[in-house]
Amino acid sequence: MTNEEEFQCIDRILAGDQQAYTVLVDKHKYYAFSIALKVLQNRNEAEEVAQDAFVKAYHHLSKFNREAKFSTWLYRIVFNTAISAKRKSKPIFQSIENTIVEYNPGSEGTLESSDKKKYVNQAMAKLNEADRTALSLFYLDEFSLDEIAAITDSAANTIKVRIHRARQRLADELTLILKQEALTL
Amino acid sequence: MKNTPQPLDDTLLNYLDGSLKPEEKTDIEKLLQQSDTLRVRLDELRGIHFALRQIKLDQPSKNFTQLVMGKLDGYTERSTFPIRNGIWLLAGVLVAVGIVSLLVSSGVFDQTQTVVDLNKINLPKQYIQEPLPSIPFNGKLLINIIIVLNLGLAWLVLDRAILKPYFQRRMQTH
């Protein structure tokens, strides 16, 4: 579906064709849910927030000015809704700086890819929500730095720095895990 | 662990992203050939780079779209202004009204009656043909008007910032 087709779909919705919105929901639900999940780290809450964001977007559709892509506008609503929900449910921020990824010394042998994925996920969970979302959107290869910046309400340069620093932290965490593993061999 | 300076780390990440200019790429490749530490750091960063490339989209529930469509008509805009703040604002307005009403009833503003004589103002004579009128000023009346306006504001705060959000939340939870 091109931008133009999306705009036509939006025109139909604004003209009263509510069912046309299913097309937009079907297209964008995966990214919307992923963004909410990256922020909230809880599937049920993410599902609820992503749905609320779609409903909010529907009721504010007339305010979408079509200067940016619909997806960027929608995902920004998702991100902001998720951040608001996160603040209400868990106001304490845990920084990766002072935490160490849990390492299970029971698992022997080399660091398998599934283990690596698990440790990366654990380390990712310790990043703040904006860094985690920016990093995930960057690696999902769908968005430019400018679009990620628009979604997370930051400057493009800030996003670039965030992505760099987040990767450095993750790399340091993984190196620490590998060293711990080597010590147990 | 990280032994490389920050700018080199940034260059290595840009190298992995493929966002370096050709001459920058050549420079970093030369440095990589010369430095074991740098190669180790590149491996560390490459490890996380490839791990992150495995990130996939998360799958929402199968009936996600139906759930969204079912919620469209029951939507009511939630107030972003917290009820607690509304109560504080209302209390502040009522306290201010109470204090000023007490001052009015104790006669503090009884002596604030005066007459503003416009002829005392220095205005160009050529534009004024007749003497200007004098305007009576009643401070007590002005304060009473302010009190009434504040009561109106208090009513508005009670409605918009307290009652409306309260009933909206109640409707959404039931």
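**Chain B, then chain A**

Reply: Read along the sequence, chain B has the pattern α-α-α-α-α-β-β-α, and please keep in mind that this is a predicted model.

Me: What does the secondary structure of chain B come to?

Reply: Chain B is made up of six helices and two strands.

Me: How are strands S1 and S2 of chain B joined, and which way do they run?

Reply: Strand S1 of chain B, residues 113–117, is joined by five bridges to S2(B), and the two run antiparallel. To pick out one pair, Asp117(B) has Ser134(B) in S2(B) as its bridge partner.

Me: How many residues of S2(B) are buried?

Reply: The count is zero among the five residues of S2(B), which spans 134–138 of chain B, so this strand is hardly covered.

Me: And what share of chain B as a whole counts as buried?

Reply: Chain B has 174 residues, and 10% of them count as buried. As for its contacts, if you take those with a separation of 6 or more, 70% come from residues 24 or more positions apart.

Me: Switching topic, how many residues of chain A are in contact with chain B?

Reply: On the chain A side there are 34 residues, in contact with 28 residues of chain B. Helices H2, H3 (43–59), H5 (113–125), H6 (129–139) and H8 (156–184) of chain A each supply at least two residues of the side that touches chain B.

Me: Which of them gives the largest share?

Reply: That is H2(A), from which ten residues of the side touching chain B come. Sorted by class, this side of chain A has 18 nonpolar, nine polar and seven charged residues.

Me: Staying with H2(A), how does it sit against H4(A)?

Reply: The axes of H2 (residues 21–40) and H4 (residues 70–89), both of chain A, come within 9 Å and cross at roughly 30°. Angles under 35 degrees count as roughly parallel, and H2(A) and H4(A) are therefore roughly parallel to each other.

Me: Is that crossing left-handed or right-handed?

Reply: The crossing of H2(A) and H4(A) is right-handed.

Me: Which residues meet there?

Reply: From H2(A) the residues are His28(A), Tyr31(A), Ala32(A), Ile35(A), Ala36(A), Val39(A) and Leu40(A), and among those they meet in H4(A) are Leu74(A), Tyr75(A), Val78(A), Phe79(A) and Lys86(A). By class, the contact of H2(A) with H4(A) has 13 nonpolar, two polar and one charged residues.

Notes
Residues are numbered from 1 along each chain as its sequence is written. Chains are lettered from A and ligands numbered from 1 in the order in which they are written. This is a predicted model: local features need pLDDT of at least 70, side-chain atom pairs count only at pLDDT 80 or more; totals for chains, interfaces and linings use all residues. Axes are lines fitted to C-alpha atoms, for helices over the stretch in contact, and angles run from 0 to 180 degrees between N-to-C directions. Helices (H or I, at least four residues) and strands (E, at least two) are DSSP runs, numbered from the N terminus. Angles under 35 degrees count as roughly parallel, over 145 as roughly antiparallel, 65 to 115 as roughly perpendicular and the rest as oblique. A crossing is left-handed if the near helix is turned anticlockwise from the far one by less than a right angle, and right-handed if clockwise. Two residues are in contact if their C-beta atoms, placed from the backbone, lie within 7 Å. Ala, Val, Leu, Ile, Met, Phe, Trp, Tyr, Cys and Pro count as nonpolar, Asp, Glu, Lys and Arg as charged, and the others, Gly among them, as polar. A residue is buried if 20 or more other C-beta atoms lie within 10 Å of its own, exposed if 12 or fewer, and partly exposed in between; C-beta atoms are placed from the backbone. Two strands pair if DSSP finds at least two bridges between them.
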